[in-house]
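Please read it beside the structure.

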Amino acid sequence: MQLLHIDSAITGDQSVSRQLTAQTVAAWVATHPGTQVQHLDLAADVVPHLSADALGFRTGQAATTEVQRRENALSEALVSQFLAADVVVIGAPLYNFTIPTQLKAWIDRIAQAGRTFTYTDKGPKGLAGGKTVIVALTRGGVYSTSEGGRAMEHQESYLQTVMGFIGITDVRFVRAEGVAMGPDAKAQALTNAEGEIASHTAEAALA
């Protein structure tokens, strides 16, 4: 079994999402011996945002410059790494009501027509199914318990949508909310998240 561990927080050792992804990966490996882990740190190894030179996988045009060839090779490496994984653990802190731009840049590279989704006469069809994705969500405030809060967050809702679009139906969320609302609130958030980690990693991956 191949597990891809992705971090996107820019706060290093202070990051709660990095703490939770590390715990999730460790728990998964403990309950699923033999799992092979690859780590992709999007803050350290920044994936460039899409540019005109990086659109080869979308336009189908052959690369004619060294920059285009380099961009195409990066997109191919990232989508191949993603497709090879059976389990993907993603750290996604809430930045300005959505995911970090580093994580969005990675998603833009793996959302490739013909590789992770296709269009049919009945609409889009995901091609990357058969994976389990566990997302560690961290939030300074609390968004899940009110209609207004849920309307403001474009983190969990976006990731659920984009993973579903590419065919992934087994998406499990670990939530740590209120981590900036004082030490007691943070401690409770981490306790809740640890319980969700235990539950999600004990369950088998989608076959």
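**Notes on the pocket and the helix packing**

1. Helix α1 (16-31) and strand β6 (132-139) each contribute at least two residues to the lining of the largest pocket, where helices (H or I, at least four residues) and strands (E, at least two) are DSSP runs numbered from the N terminus. This is a predicted model, in which local features need pLDDT of at least 70 and side-chain atom pairs count only at pLDDT 80 or more, while totals for chains, interfaces and linings use all residues. Residues are numbered from 1 along each chain as its sequence is written, and side-chain values use heavy atoms, with hydrogens and water left out.

2. The largest pocket holds about 170 Å³ of space. Thr11, Val16, Pro93, Tyr95 and Thr138 are the closest to its centre among the 13 lining residues. A pocket here is an open set of points on a 1 Å grid over the protein atoms alone, where a 1.4 Å probe fits, with protein on both sides within 12 Å along at least five of seven lines, and lining residues have an atom within 4 Å of a point. By class, the lining has six nonpolar, six polar and one charged residue.

3. Helix α1 also packs on helix α7 (residues 183-202), their axes coming within 9 Å and crossing at roughly 30 degrees. Because angles under 35 degrees count as roughly parallel, α1 is roughly parallel to α7. In this contact (heavy atoms within 4.5 Å), the α1 residues include Val16, Leu20 and Trp28, and those of α7 include Leu190, Glu194 and Ile197. The residues of the contact divide into seven nonpolar, six polar and two charged.

4. Helix α3 (residues 66-84) and α4 pack with axes 8 Å apart, at an angle of about 90 degrees. The two are therefore roughly perpendicular, a term that covers 65 to 115 degrees. From α3, Glu71, Leu74, Ser75, Leu78, Val79 and Phe82 meet Trp106, Arg109 and Ile110 of α4. Six nonpolar, one polar and two charged residues make up this contact.

5. What is the angle at which the axes of α4 and α6 cross? For helix α4 (residues 101-110) and helix α6 (residues 156-165) it is roughly 10 degrees, and the axes come within 12 Å. So α4 is roughly parallel to α6. Leu103, Lys104, Trp106 and Ile107 in α4 meet Tyr158, Leu159, Val162 and Met163 in α6, and these residues divide into seven nonpolar, no polar and one charged.

Conventions
Grid points are joined across faces, edges and corners, and a volume is the space filled by probe spheres set on the points. Ala, Val, Leu, Ile, Met, Phe, Trp, Tyr, Cys and Pro count as nonpolar, Asp, Glu, Lys and Arg as charged, and the others, Gly among them, as polar. Axes are lines fitted to C-alpha atoms, for helices over the stretch in contact, and angles run from 0 to 180 degrees between N-to-C directions. Angles under 35 degrees count as roughly parallel, over 145 as roughly antiparallel, 65 to 115 as roughly perpendicular and the rest as oblique.
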